[in-house]
Structure formats: C-alpha cells, structure tokens
Amino acid sequence: MLTKWINDIEFAYPLALIALLIIPIIIWDYLRTNNRVQASMIITTTQFLNKSNMKSLRTNLRHLPFGLRCLSLLLIMIALARPQKKYSAQKLEGEGIDIVLCFDISGSMTARDLLPNRLEAAKEVAVNFVNNRPGDRIGITIFSNQSFTLCPLTLDHNTVLNQIQNIQSGYLQDEGTAIGSGLATSVDRLRAAQSKSKIVVLLTDGIDFGGVIPPDIAKEMAKLYKIKVYTIGVGSDSTVSQMVNGVAEVTKLQYNESLLKELADYTGGQYFHANDKSGLNKVYGSINLMEKSKVEVITFNKFTDNYRGILIAGLLVLVIELVIRYAILRKFP
C-alpha cells in the first residue's frame with residue numbers, strides 16, 4: 001500500500017526536498033556533542049537509586065525529544081515540497097474503428113516454425129497491434145472445432161491485452177479448424193456496432209473442417225453487415241513438429257489459401273501470408289496503414305494535494321516533542 005502511494009505521488013516543488021539534507025547534519029552534530037559532554041558521577045552508596053522513578057523516566061526519555069524534533073522536521077519539509085497525487089484521464093475525439101481479432105487456437109498452432117510457436121508469436125504481434133490502435137474498440141474471438149467470444153468490443157485495451165495473454169491452445173478442447181464458425185462469431189460481435197468501419201482480422205494455419213457454420217454462410221453475413229475481413233495464413237510450408245493428443249508428431253501442415261483469399265476479396269479485405277514472426281509483424285503493420293482511425297486522444301492530468309495530512313502530522317509530532325521536553329523532562333534552554 002505504501003509503495004503504491006509513493007509511486008503515485010509527484011512533488012510540485014521537488015527542489016524543496018534539498019532541505020532534507022540538513023537532518024543528517026543535525027543528527028551528526030547531536031551525536032558529536034552528546035558524546036563529548038557525557039557526565040560522570042561517582043556513587044558511593046546505592047541508597048539513593050530508588051528515590052525517584054521520575055529520574056529514571058527522564059533518563060530513558062532524554063533522547064526522545066531530539067528524535068521527535070527530527071521526525072517533525074522531516075514531515076514539515078516533505079509537506080513544503082507539496083506532494084500531489086496524479087490522475088490521468090483520456091478523452092477521445094473523432095471516429096474509431098471496431099475490430100475483432102479472431103484467433104485459430106487448434107493444436108496445429110503449437111507448431112514451432114514460428115518461435116516460440118505459432119500461437120505465442122501471433123499473440124505477441126497482436127499485443128503490438130492493439131497498442132497501436134488507442135481509439136478503436138477491439139474484441140477477441142477464438143475458434144478450433146467451435147468458436148467463442150473471449151472479449152466483447154471494448155475501449156478498455158488493458159482488458160483486451162490481458163485476454164490475449166490468456167489465449168491457450170486447447171482452450172476449447174475439441175480439435176478442428178472451424179474457420180466458418182470463427183468468422184460468424186466475429187461478425188456477430190460487430191453486426192450491431194454503429195461505427196462506419198468494422199473489420200475482422202482472422203488468423204489461421206489450417207484447412208476448414210468441423211464447426212456448424214460453413215465459410216460461405218459466414219462471408220455472406222460479413223458482406224451483409226459491411227464488415228471487411230482481413231485473413232492471415234500463418235506458418236511455413238516446411239515440415240514441423242506438433243503435439244497431437246499429447247504425442248509429438250512430425251507433419252507437413254497445409255492451409256486453404258484459396259478460401260482465405262476468397263473470404264478477404266468477397267468482403268473488401270485482403271489476404272496475407274506470414275511464414276515467420278517478422279512477416280506477421282509486417283502484416284499487422286499493413287493493416288494498420290490501410291485501416292486508419294480518425295481519432296485524437298487527448299490526455300488530461302489532474303493533481304490532488306496530499307501535503308495537508310503530512311503537515312498536520314509534522315506539527316502534531318512537534319507539539320508532542322515540546323510537551324515531553326518541557327512538561328516531563330523539564331529541559332529549558
């Protein structure tokens with residue numbers, strides 16, 4: 001809690017903190033003076049040692065006023081620097097784009113021709129893509145043999161990024177590559193959106209099989225709701241190792257390039273092929289250039305003063321120090 005408070009605090013007058021350097025000097029001078037003037041007394045009898053508990057109390061508390069005076073100075077000097085808590089808010093002006101990122105999470109996406117594997121590489125690049133679209137609403141769908149909405153359209157990109165990190169192969173259990181179902185679910189997330197520009201970025205490495213909605217129906221849905229589909233075929237044509245039912249198998253993976261081109265062309269989007277992570281970055285970069293948002297992000301900073309409580313605490317410590325010094329220890333200059 002204290003660490004978080006410190007991280008959120010800024011000082012209106014940070015140069016005032018230089019005054020804190022005087023405290024170590026005061027402590028050094030006190031210790032030097034105190035060691036030099038140590039009083040010594042020869043006691044020939046112990047009969048007077050228990051005469052007064054007040055003497056013992058005063059002896060035990062003799063350094064306390066100095067410690068409280070230093071603490072009071074510390075708090076008052078910090079208060080003079082005027083600590084403030086900063087709150088940032090953003091206002092979006094203009095018109096953004098509604099985007100659904102549609103991920104194939106079938107078992108073949110664990111192939112390691114892209115490092116660390118196809119799915120993890122796709123996730124890393126998608127994170128960069130989201131960070132470059134500050135004014136757009138973004139959602140996430142996933143599919144294998146069935147499809148699922150992982151995150152509805154939202155401007156809360158922290159939520160989107162967290163959900164991207166949570167994507168794992170096998171999340172939907174049933175194996176398959178239901179491209180039609182994945183696209184249909186993505187379209188369903190976008191069909192009621194009021195924005196003028198709506199796109200689906202569909203990433204897959206397989207041939208469509210499984211699922212209940214064929215790609216032909218899904219592309220008609222996208223066309224009906226004026227949704228452009230950008231398709232990405234990911235993976236190399238080389239032989240790769242992948243996990244099938246928990247067993248490593250070497251196989252040559254293929255995907256239906258003509259289907260992905262058809263989906264993109266029919267809806268006004270574009271098809272891309274990425275056979276490595278660098279290529280995947282270029283694909284998302286190209287989509288960024290083609291689908292530009294007309295959004296201006298304005299950041300407002302608001303500051304709330306936090307010095308009053310620190311100043312009051314410093315003055316209170318000073319009062320306690322004076323009471324102990326003059327009422328209990330009865331030390332007068």
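View 1. Two strands pair if DSSP finds at least two bridges between them. Strands of a sheet pair through backbone hydrogen bonds, either parallel or antiparallel.

**View 2. Strand 3 beside strand 6.** Strand 3 covers residues 98–104, and strand 6 covers residues 198–204. The two run parallel. They are joined by 6 bridges. Look for Cys102: its bridge partner in strand 6 is Leu202.

**View 3. The hairpin of strand 4 and strand 5.** Strand 4 and strand 5 form a hairpin. Between them lie 3 residues. The two strands pair in the antiparallel sense, over 5 bridges.

**View 4. Helix 5 against helix 10.** Two packed helices are described by the angle between their axes and the distance between the axes. Helix 5 spans residues 118–131, and helix 10 spans residues 277–290. Their axes come within 10 Å and cross at roughly 30°. Angles under 35 degrees count as roughly parallel, so helix 5 and helix 10 are roughly parallel to each other. Their crossing is right-handed. Helix 5 makes the contact through residues including Ala121, Ala122, Val125 and Phe129. From helix 10, the contact includes Leu280, Tyr284 and Ile287. The residues of this contact divide into 8 nonpolar, 3 polar and 2 charged.

**View 5. Helix 7 against helix 8.** Helix 7 takes in residues 179–190, and helix 8 takes in residues 215–224. The axes come within 8 Å. They cross at roughly 20°. Helix 7 and helix 8 are therefore roughly parallel to each other. The crossing is left-handed. Gly180, Leu183, Ala184 and Val187 of helix 7 make the contact with Pro215, Ala218, Lys219, Met221 and Ala222 of helix 8. By class, this contact has 7 nonpolar, 1 polar and 1 charged residues.

**View 6. Helix 4 against helix 11.** Helix 4 (residues 64–80) and helix 11 (residues 307–328) have axes that come within 8 Å. These axes cross at roughly 160°. An angle over 145 degrees counts as roughly antiparallel, so helix 4 is roughly antiparallel to helix 11. Helix 4 passes helix 11 in a left-handed crossing. The contact between helix 4 and helix 11 has 19 nonpolar, 2 polar and 3 charged residues.

**View 7. Confidence along the chain.** The protein averages a pLDDT of 83. Of the residues, 81% score at least 70. Over residues 39–43, pLDDT stays under 50. For these residues the model has 1 contact beyond four places in sequence. Where pLDDT is low, the predicted coordinates should not be read in detail.

Methods:
Residues numbered from 1 in each chain as written. Predicted model: local features only at pLDDT ≥ 70, side-chain atom pairs only at ≥ 80, totals over all residues. Heavy atoms only, no water. Helix = DSSP H or I, 4+ residues; strand = E, 2+ residues; numbered from the N terminus. pLDDT = per-residue confidence, 0-100. Contact = heavy atoms within 4.5 Å. Axes fitted to C-alpha atoms, helices over the stretch in contact; angles between N-to-C directions. Parallel < 35°, antiparallel > 145°, perpendicular 65-115°, else oblique. Left-handed = near helix turned anticlockwise from the far one by under 90°. Nonpolar A, V, L, I, M, F, W, Y, C, P; charged D, E, K, R; others polar.
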